[in-house]
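Look at the sequence and the model before reading on.

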Amino acid sequence: MALTAKTHSGASYTYLRYSNEIVAGEQNEEIEPLLFNDRLPISSFPDLDTFTLGITTKCNLRCSYCCYSGSYRNTRAHGSHSMSGKEILPVINFIKQYAAKASVTISFYGGESLLEFDLLRAIVRQARHEWQGRVQFEITTNGTLLTGEAITWLVENDFTLFVSLDGTMRVQDRQRATASGIGSFKPVIEALAHIKTRHPGYFREKVNIMMTVVDISEIPLIAKEWHDHELLRDKLPARIATVAPNYAKGVSKVDVTEETNTHLRILDVYTRHPEYTLLGVFFERLLAEWQERPICDLDIPSDFPTCVPNNRKVYIDHDGEVGICEKVPDKYRIGDIRNGIDWERVNRQADALSRIILSRCTTCPIARLCSICPNALDLSAEELDVFCHNERAMQQVKFRIFCEMAEREMLSNTFVPTLKSEHCMLDKIEENDIAALGTIFSDVDTQRYLPELYEIANAKDGVKKILKSFHSYLLNKEGFLWGIRKYDTFLIGFIAIMDLPYNPTIFFAMHPMYRNQGYMQESVSLATQYICDAKLCTELHTEVDVENIASRNVLEHCGYKVKEREKDKYLFSYQSDYEELQSSGLNG
C-alpha cells in the first residue's frame with residue numbers, strides 16, 4: 001500500500017516506492033517484494049577515513065536525556081575512566097592499519113573530552129607527527145570548558161567544533177545541567193561570544209551548534225527565543241535532533257494524526273514568522289531524506305540498506321574497544337585496537353541485520369527511506385514491531401509536511417551538501433560571500449574564458465542575480481552552486497553544475513591567488529563524485545577554450561575526456577555508470 005497525503009488545499013499525492021517519485025492524486029502501487037543481492041563476506045571497510053575516539057567516560061554535566069545516564073540498555077553509564085596515555089600509540093597504529101584513504105579525520109567524543117585536555121593534546125601531537133597535514137580533527141563538547149587556553153589551542157589546530165546547545169537559558173539550563181542542578185547556558189554562551197569576538201572567521205566556518213529537542217511542540221518558542229538572542233540569531237544549529245528512544249523504559253507507538261497535527265501547528269508558526277529561521281533548519285533536517293532522495297527506479301536486486309561495509313567511520317572507546325558507531329550499544333563491539341577488527345564478529349552482526357531486513361523490509365512502502373541500522377540488533381521482536389510502526393508513521397508525517405511545504409513554496413532552504421577533501425571544502429555560498437565572488441567573476445581570466453558570466457556579474461546587482469538563478473536551479477533539483485573554501489580562509493573559488501539531469505554542465509573558476517595549487521582539481525573531483533554517487537545524471541559536460549590549459553588539466557586529472565573539438569573549444573565529458581534519472585511532480 002503506497003503512502004498518500006491530502007493537503008489543506010484538498011490536493012492528494014502518492015509516493016511510489018519503485019521510482020521514489022511523488023505523483024498527483026491517490027494511486028495504487030502494487031508493491032513487489034524487494035529482492036536483495038547475496039550478502040558478500042565482509043573483510044574490509046573500503047571507505048573508512050574517520051575515527052571517533054571516546055577518550056573518557058567522565059562528564060561534568062548530567063543532561064536529562066543522555067544515553068549514558070545508565071538507563072539505556074547495553075550502554076555504559078557516566079564513569080571516571082579515561083583512555084590511558086599508553087593507548088595513544090596503539091590507537092594511532094590501528095588508524096594507520098585500517099584507514100582506507102591517505103588523509104584521516106580524528107573525532108573526539110566523550111563524556112566530555114576537554115576534561116582530558118592533556119590527553120587530547122598528546123593524541124593530536126602524535127597524529128600530527130604521523131600524518132603531517134593529512135589529518136583533520138573534530139571535537140564534540142558541551143562547551144562549558146571552552147576557556148581561553150582551550151579555544152586558542154583548538155583554533156591553532158583547526159578543529160571542527162561541535163557544541164551542544166539546546167536553546168537559550170530557559171531550555172538549556174533545564175535540560176543540560178550539572179549533577180547539582182547548575183545550568184550550563186552561561187559558560188557556553190560566554191565561550192561562543194569569546195570565539196566570535198577573537199576568532200570571527202573560525203566562529204563562522206568551524207563552530208557548529210548541535211541541538212537536541214526533548215518536546216518538539218516547544219520548538220516554535222525555542223525558535224523565537226533564538227531569534228531574539230543577539231549572538232545566536234545569526235548562528236543557526238547545524239543539526240536539530242530528537243531524543244533517542246529508550247526501549248529499556250518502553251517506547252510507545254506514534255499516533256500519526258496527533259504527530260501530524262503537532263508538525264502542522266509548527267509549520268503554521270513558521271508560515272506566519274519566516275524570520276524564525278531556526279524553524280527552517282528544523283524542517284530542513286526533518287525532510288532531508290525526502291529532499292535528497294534519488295528519483296530513479298529501484299535497482300532489482302538491491303544491496304542491503306545498511307551502513308556496513310560502506311561505513312566511513314568507526315568508534316574507539318576509552319578501553320580501546322572498537323564499534324561501528326558511537327550510537328550502537330556497547331554490546332556490539334567488533335574488535336579492539338591491539339588485536340584489530342574481528343571480521344567474524346562483523347559478519348555475524350551483518351548476517352543478523354540482514355535477516356531482520358529480509359523479514360521486515362521487503363514489502364514495506366518506506367523501505368527506501370527507512371533509517372534502520374545496527375541499533376536494530378538490540379531490539380526484541382516486539383520492540384522491532386514498535387520500531388517499524390514508528391518509522392512508517394513518521395515517514396507518513398514527513399510526507400504530509402513535505403507536500404504542504406512544496407505547495408506553499410516553502411522548500412526554498414534546499415539542501416546544499418558540504419563536501420570535504422584534504423585541503424579544501426565545498427559548501428553553500430552565502431550573502432557575505434558576494435564580495436569575494438565578485439572578485440572572482442571580474443578577473444581577467446573569467447572575462448576571457450567565461451565571458452557570458454563575466455557580463456552578467458558586472459552588471460548592476462549581477463552577482464546577486466547569478467545567485468538567484470542558481471537558487472532556482474537548486475529548488476528544481478536542476479543544479480548546484482558551491483563555494484570553494486580553503487580550510488583556513490574564506491571563499492577562494494566556485495563550482496557550478498546546471499541543467500540536471502538532461503544536459504548537465506559543469507563550470508568553475510578560482511581566485512587568482514589560489515590557482516595552480518591543486519584546489520580546483522580536488523574540488524572538481526568532489527563535485528563530480530557527489531553528482532555520480534547521488535545518481536543525479538549519467539554524464540557531465542563542459543566546454544573549455546583550447547588555450548585554457550589549466551582547466552583542461554584539471555578535467556583530465558578528474559577523469560573527463562575530450563569528446564570532440566569545436567572551433568576554438570574542446571568539449572569534455574565525464575561518464576558515470578548510473579542510469580539516467582527522471583523527476584516530476586513534487587520530486588524536487
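## Salt bridges in the model

A salt bridge is a side-chain nitrogen of Lys or Arg within 4 Å of a carboxyl oxygen of Asp or Glu. Side chains of opposite charge can pair when their charged atoms come close. A search of the whole structure finds 34 salt bridges. Arg204, Glu205, Asp427, Asp433 and Arg485 are joined by such bridges into a network.

The model is predicted: local features need pLDDT of at least 70, side-chain atom pairs count only at pLDDT 80 or more, and totals for chains, interfaces and linings use all residues. Residues are numbered from 1 along each chain as its sequence is written, and side-chain values use heavy atoms, with hydrogens and water left out.

Lys206 forms a salt bridge with Asp158, and their closest N and O atoms are 3.7 Å apart. This pair links distant parts of the chain, 48 residues apart: Lys206 lies in helix H6 (residues 200–206), and Asp158 lies in the loop between helix H3 (148–156) and strand S7 (160–164). Helices (H or I, at least four residues) and strands (E, at least two) are DSSP runs, numbered from the N terminus. Lys206 has a relative accessible area of 6% and is buried, while Asp158, at 28%, is partly exposed. Buried means under 20% relative accessible area, exposed over 50%, and partly exposed in between (1.4 Å probe, protein chains only).

A salt bridge also joins the side chains of Lys398 and Glu289, at 2.9 Å from N to O. Here too the pair links distant parts of the chain: Lys398 is in helix H12 (residues 381–407) and Glu289 is in helix H10 (residues 288–292), 109 residues apart. Lys398 counts as buried at 14% relative accessibility, whereas Glu289 is partly exposed at 24%.

Which residue meets Glu404 in a salt bridge? The partner is Arg400, with 2.9 Å from N to O. Both residues lie in helix H12, 4 residues apart, which is about one turn of the helix. Glu404 is buried, at 2% relative accessibility, and Arg400 is buried with a relative accessible area of 15%.
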